[in-house]
Amino acid sequence: MLLFLLQLSLLISVAALLGRAAARLNMPPVVGELAAGVVLGPSLFGSVAPGLSHWLLPHDIEQTHLLNAVSQLGVLLLVAITGAHIDLGLLRRKRHAIGLVSAGSVLLPLALGFVLGLFLPASLMGGAGGHGTFALFIGVAVAVSALPVIAKTLLDMGLLHRNVGQMIVGAAAVSDIVGWLLLSIVSAMATHGLRAGVVFESVGFLLIVLAATVLVLRPLAARLLRPARHTQQPGFSLSLIVIMILLSAAGTHALGMEPILGAFLCGIVISSLGTASRRSLDSVRTFVMATLAPLFLAAAGLQVDLTTLARPSVLFAALITLAVAVGAKFAGGYLGARLGRLGRTESLAIGAGLNARGLVEIVLASVGLRLDVLNTASYTVVVLVAVVTSVMAPPILRRTTGRIATTEAEVEREREFTAQLVV
């Protein structure tokens, strides 16, 4: 218990300090928060003071489980909050253009990432699932976008109210949904092997989960939360929401899928129930963003070993994976936007904006490491892609969106958005 408390204090403190430093350098705080774990892990602290590192951050499995349990709670709440801020109305209104952008920005990177995974050396593979499962995991890692990082970047830059910002957020939301669904299939393959029966079973379970979300969870949540809002206990609605998130996560996990999927779908259900339900979940957002999320990122960073990049094969794999991830996502988003009859400059901005992977990719990498699909070297490669793409996105967005004229409708939307923030 003493070590656990000291670990929490150290990781949260360093993550908060480096996250603030990253923000001052106009980088996403996620970069600094992840760097906290890298600094405290084998890359630096473990090399400079191995004795102290071994005492404070031991590899004892029971001690690690304590830290991981708290981190996983933070991930589930964070993913649910992300799902609760998906604008379903936007997806419906711009479904044609968003559908084309999403298809291009997911299918092309998924295909190229899968092919890349087939050619990466076996030394980067974990012990579970075989080469096909590893290749599909790399494809999913290349295909995802990070809605939380993208939305915050657009908000910080004053672009969330712009048409191009709305398109980027909508396409990123679809990308997130597809990414978590594909991750569930990869998870089942890693556990049971790459067989046609496993894939069909996973798809069948996914359909059951989606049907249960619409037909059972949403009506039940509406029935429970409506009277809860009128009680004299303001935290009662939040308690019900957290319980639903945890049970949804437990449900998908019981079916052999990732608990993250259940939390994400529960967040979308909460979003569909209106502003009051979303605000109830938002009441815990500050604590999650300031404490639990940095703790998870720092703990994830502890698994990163930059010394593995000294091996030529790992460094080459990292560079080629980064090139494929950036090029495929940019090309897919750009081509989808052009097919949706958007202008060249808007299409460039969409391709750049969707490239940020941030927290979503780090969560995905952590799952891959836990499932033993990745080893330390490949985990470091995937996390490196997440950090570099998150740092690249803001300056490219600033450059491309600066050339797009602001319409009167966008100005009016900005006024409404500002008024909502004040409220």
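Predicted model: local features only at pLDDT ≥ 70, side-chain atom pairs only at ≥ 80, totals over all residues.
Helices α1 (2–24) and α4 (50–56) each supply at least two residues of the nonpolar patch.

**Nonpolar patch**
- W55 is found in helix α4.
- W55 has 46% relative accessibility, so W55 counts as partly exposed.

**Helix α7**
- Helix α7 runs over residues 95–119 and has 25 residues.
- At 1.5 Å a residue, α7 should span 36 Å.
- Buried residues of α7 include A97, I98, V101, S102, G104 and S105.
- V106, P109, L110, G113, L116 and G117 of α7 are buried too.
- An α-helix has 3.6 residues a turn, so residues three or four places apart point the same way.

**Helix α17**
- Helix α17 spans residues 344–353, and seven of its 10 residues are buried.
- Helix α17 is therefore largely enclosed by the rest of the structure.
- The buried residues of α17 are S347, L348, A349, I350, G351, A352 and G353.
- Here, buried means under 20% relative accessible area.

**V387 in α19**
- V387 lies in helix α19, residues 376–401.
- V387 and P28 are 359 residues apart along the chain, yet their C-alpha atoms are separated by 9.1 Å.
- Leaving aside neighbours within four places in sequence, V387 is in contact with V31 and L34.

Definitions and conventions. Residues numbered from 1 in each chain as written. Heavy atoms only, no water. Helix = DSSP H or I, 4+ residues; strand = E, 2+ residues; numbered from the N terminus. Buried < 20%, exposed > 50% of the residue type's maximum accessible area, 1.4 Å probe, protein only. Expected span 1.5 Å × (residues − 1). Contact = heavy atoms within 4.5 Å.
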